[in-house]
Amino acid sequence: MSLNVEIFTDGACKGNPGPGGWGVLLRYGDLEKELYGGEPETTNNRMELMAAIEGLKALKRPCSVTLTTDSQYVRKGILEWMKGWKRKNWKNAAGQPVKNQDLWKMLDEQNQKHEVEWRWVRGHTGHRENEIADQLACKGAEEHKRS
């Protein structure tokens, strides 16, 4: 895996649930690409997951990726909780079905295509790339508000 790519992700929701958006800033060397999207009725956690999924899906071949998110839910889910969920047939510690299982499975599939280092950054602290991802996520949410 020779390409080293940085991905910065964020999700936003106007109401939880409500219209939501996801934002991604991809960086390869000096090149940056912005992606965003959203849904009319969703949750913040789903949009955080979608941002990571869409960021990884945008890569056309296996890469070495540093993915930075401000979501502990996403980072801990992929690094700490997923093994147990899989072992328990996608049930959580309480024996209930894992929430957002559809997206966790998609993220797992994308994660396995690449060599991903998962990083966390505190949101809304002036971190340039996280602020850009946040603005993109908000744009996605705004575009999916019902009129």
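Accessible areas here come from the Shrake-Rupley method with a 1.4 Å probe, and the model they are computed on is a predicted one.

**View 1. The surface and its charges.** The chain exposes about 7900 Å², and carbon and sulfur atoms supply 46% of that area. Look over the charged side chains and you'll count 23 positive and 21 negative ones. The centres of these two sets sit 7 Å apart.

**View 2. The whole fold, end to end.** Four helices and five strands make up the list of elements in the chain. Starting from the N terminus, they come in the order β-β-β-α-β-α-α-β-α. The C-alpha trace spans about 45 × 45 × 30 Å along its principal axes. For 147 residues, a compact globule would have a radius of gyration near 15 Å, and the chain agrees, with 15 Å.

**View 3. Inside the chain.** Of the 147 residues, 48% are buried. Now take the contacts between residues at least 6 apart in sequence: 66% of them join residues at least 24 apart.

**View 4. Zooming in on Gly11.** Gly11 belongs to strand E1, which covers residues 4–13. Its relative accessible area is 7%, so Gly11 counts as buried, the cut-off being under 20%. Leaving out residues up to four places away in sequence, Gly11 touches Gly21, Trp22, Asn44, Met47, Glu48 and Ala137.

**View 5. Gly11 and Gly38.** These two glycines, Gly11 and Gly38, are 27 residues apart along the chain. Between their C-alpha atoms the separation is 9.0 Å.

How values were computed
Residues are numbered from 1 along each chain as its sequence is written. This is a predicted model: local features need pLDDT of at least 70, side-chain atom pairs count only at pLDDT 80 or more; totals for chains, interfaces and linings use all residues. Side-chain values use heavy atoms; hydrogens and water are left out. Helices (H or I, at least four residues) and strands (E, at least two) are DSSP runs, numbered from the N terminus. The radius of gyration is taken over C-alpha atoms; the globule rule is 2.2 Å times the number of residues to the power 0.38. Buried means under 20% relative accessible area, exposed over 50%, partly exposed in between (1.4 Å probe, protein chains only). Contact means heavy atoms within 4.5 Å. Lys and Arg count as positive and Asp and Glu as negative; His and the chain ends are not counted. The place of a charge is taken as NZ of Lys, CZ of Arg, CG of Asp or CD of Glu.
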